[in-house]
Amino acid sequence: MTVPFADRQLSRRDLLRWGAAAGAFVSVATLATACAGPTGLPGPGTLTLALNRSLVSLDNKLNQFDAAVTVQRAVRQALTEIGPNITPRLVLADRFELTAPTEWTVHLREGIRYSDGTPVTVEDVSTALRMYSQVQGGFVSSFFPEFPTVRKIDDRTFTLDTQKPLPVLDALMANILITPAAANKPAELQTGVGSGPYVVTKFNRGAGTYSLRRNENYWGTPAGVERVEVQFLSEESSRVIALRSGQVDVIDSITPDSATQLSGLPGITIDHASALRMNQIFFNFRQPAGHPLADPRVRQALTMAVDGDSLVHDVLVNSVVQADSVVPPSMKGYVKTGEYVYDPDQARSQLKALGAENLTMRIIWETGEFAGDASIMEALAEMFGKVGVKTTLLQFEPGGDIATWRQGKGGEWDLLGNGFGGPTGQAINMLQGMYAGTAEKESTRDTYQGYVQPAVAALIAQASSEPDPVARQAYLTQAQQAAWNTWPCAWQFVPKSILARRTRVEGLRLDDSNSYPLAAVHLES
C-alpha cells in the first residue's frame, strides 16, 4: 500500500500529527487486547516489545533492520556475533581461525543443538551459505565479495575457503543464521527451528506479531525471561502511550521529542548508543544516460539545495549527525571524505547551467524507515522548491511493495529515503553492500539502487582482499573518497540510537547495532 502526498491547505505535518493521535488510541487498544494479562498489563513473566517496523520474518536473508536483529538472534544463531567494541566473538563455533591466506578453520561447539533436540551440523553451515548466496535481492549477500565454500574435516571441524583473501570473514559470518539443512531454502523462512534461547510459539506475519517462549532445550545459559511478545506499532505516539501506560516494556528507534517526554517519568529509563547505520536520501542510479540525475554535477548541485544544519537541529532535534563520509564514523576503517555545503543560490545557478532548472523529482520511502522520516521528506520538498525543483512524495506503508520499486521493477522514482545498516561494524562491508555494484549484479537487480561505478568497485575489491591492515586502510580511504565524489546522496546522516524501557526491564545492553542480546534481559522480581 502506498500513500501519496498531495498539495493541501493543512500542512502534511499537521495531518501526520492528527493521524498519529487518532491512530494511537486504536493501536494501543488493539495491543492491550493482543498481549496483556488479566490486568491489561504484561504478566510478571512476560516481556513485551513494540517495534517501529513490521517484523515479517525471523530469517534475515532479505531484510535485517536494526531492531529485528534482537528478535532474530534470539531464535536463530550464527557461528559468530559482533560483540562490544565491534569485535567478533564465538557463538556456535568455539574456534574460528585464519589458518592460511584463503582458509579459515572452524570448529563447532560440543553439544550445540536446535530446539527440537537435533544437533547443529557442518552440513547445516554449508547449506546456509548456499541458500544466502542464491537468494535474489538479498541484504546479507550484498556484504560478501564472494561466498566461501565449506570443506568438511570431521563431524565438527571444517574449513571456509575463498578464491581471494577475506580477512573479515569472521565478522561476515555473524550474519549467516544457521538452520537445519533440510528445511533451508533460498528465501526468507517463515517457519522452522533454531538453536537460540527462544522458540516461536505463534506468529502473524501480516501483523508483525510474534510470541516467543524460553527454549527448554537450549545448549547455553537459559534466557532470563520466560515469554516474549513482539508487537508492531508504526506510529511513534502509539508506542510512547503504550510504554507510559505499562502495556509494553520496550520501544525502539524513538525521536528526541519522545525521549524528552519520557525522560524523568517514574518507572521509565532511556538508553542511548552510537549507530552503525547510515540514513540516506539516495539517488536512483538506474536513470538512463542523458537524464539529468545521471550527471554527477546535477547530483552535487541538488545537495547544495539541502540545509542539513536545519534538518539536524530543527527537524531532528540534534538526534543525528550530518554525514561527512559514505560510512558512519563509528565504523572501523572510516575516513572523512567531504562535507555537505548549503548554498541554494549556487544550486539554482548550477542547475540552470546544466540545463536542469525545470527538474521534477519523486521521493519515495517506507514509513518507519527512520525516526522523523515524514518530517524530513516534507522539509526536503520545501528546500528543493526554493531552487526551482518540483517534487512529489510517495510514502509506502510497511508490508507494501517498495522493495519492488527499489529494484527498478515498480514505478519511477528519483530519490529514496533509506537506512543502511552495517551489522559487522566494518567500513569495508558497508562499502561492499552499497558501492561495489557491477553490471553482472545489476542484470539481476542485485545492486544498491543501480549504483554501478567500476572504478569505485575496483578499489573496494582491492580493500576486501588485502590481508595487510595498513594497505587495506589505504585502499579503504581511496574507495570512500571515490564513492563520495560520485555524489550518491542528496543528503545523508548518522542517527543516534535511542531506546526507552520500563525500569522493570534489567540487563538490557543497547549495542551500536541498535539491538541487544534478548537472552540477557530479565525482569525485576
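**Close-up views of a predicted model**

**View 1. The buried side of helix α9.** The buried residues of α9 (residues 344–353) are A347, Q350 and L351. Their arc around the axis spans only 100°, so they sit on the same side of α9. Among the elements covering these buried residues is α7 (296–303). The face turned away from the buried side carries D345, K352 and A353, which are exposed. Just after α9 comes G355, with a positive phi of about 75°. As in every view here, the model is predicted.

**View 2. Helix α14 against helix α15.** The pair is formed by α14 (residues 454–464) and α15 (residues 469–484). Their packing angle is about 160°. Their axes lie 8 Å apart. Angles over 145 degrees count as roughly antiparallel, and α14 and α15 are therefore roughly antiparallel to each other. The crossing of the two helices is left-handed. From α14, the contact takes in V456, L459, I460, Q462 and A463. From α15, R472, Y475, L476, Q478, A479, A482 and A483 meet them. The residues of this contact divide into 9 nonpolar, 2 polar and 1 charged.

**View 3. Helix α12 against helix α14.** Here α12 (residues 427–435) packs on α14 at an angle of about 150°. The axes of α12 and α14 are 10 Å apart. This crossing is left-handed. On the α12 side, the contact residues are I428, L431, Q432 and Y435. On the α14 side, they are V456, A457, I460, A463 and S464. This contact comprises 7 nonpolar residues, 2 polar and no charged.

**View 4. N318 in the loop between α8 and β15.** The loop holding N318 runs between α8 (308–315) and β15 (320–322). Phi of N318 is near 60°. That is a positive value in a residue other than glycine. The relative accessibility of N318 is 39%, so the residue counts as partly exposed.

**View 5. R445 in the loop between α13 and α14.** R445 is found in the loop between α13 (439–443) and α14. Phi of R445 is positive, near 60°, and the residue is not glycine. With a relative accessibility of 27%, R445 counts as partly exposed, because the partly exposed class lies between under 20% for buried and over 50% for exposed.

Technical notes
Residues are numbered from 1 along each chain as its sequence is written. This is a predicted model: local features need pLDDT of at least 70, side-chain atom pairs count only at pLDDT 80 or more; totals for chains, interfaces and linings use all residues. Side-chain values use heavy atoms; hydrogens and water are left out. Axes are lines fitted to C-alpha atoms, for helices over the stretch in contact, and angles run from 0 to 180 degrees between N-to-C directions. Helices (H or I, at least four residues) and strands (E, at least two) are DSSP runs, numbered from the N terminus. Angles under 35 degrees count as roughly parallel, over 145 as roughly antiparallel, 65 to 115 as roughly perpendicular and the rest as oblique. A crossing is left-handed if the near helix is turned anticlockwise from the far one by less than a right angle, and right-handed if clockwise. Contact means heavy atoms within 4.5 Å. Ala, Val, Leu, Ile, Met, Phe, Trp, Tyr, Cys and Pro count as nonpolar, Asp, Glu, Lys and Arg as charged, and the others, Gly among them, as polar. Buried means under 20% relative accessible area, exposed over 50%, partly exposed in between (1.4 Å probe, protein chains only). The arc is that of the directions from the helix axis to the C-beta atoms.
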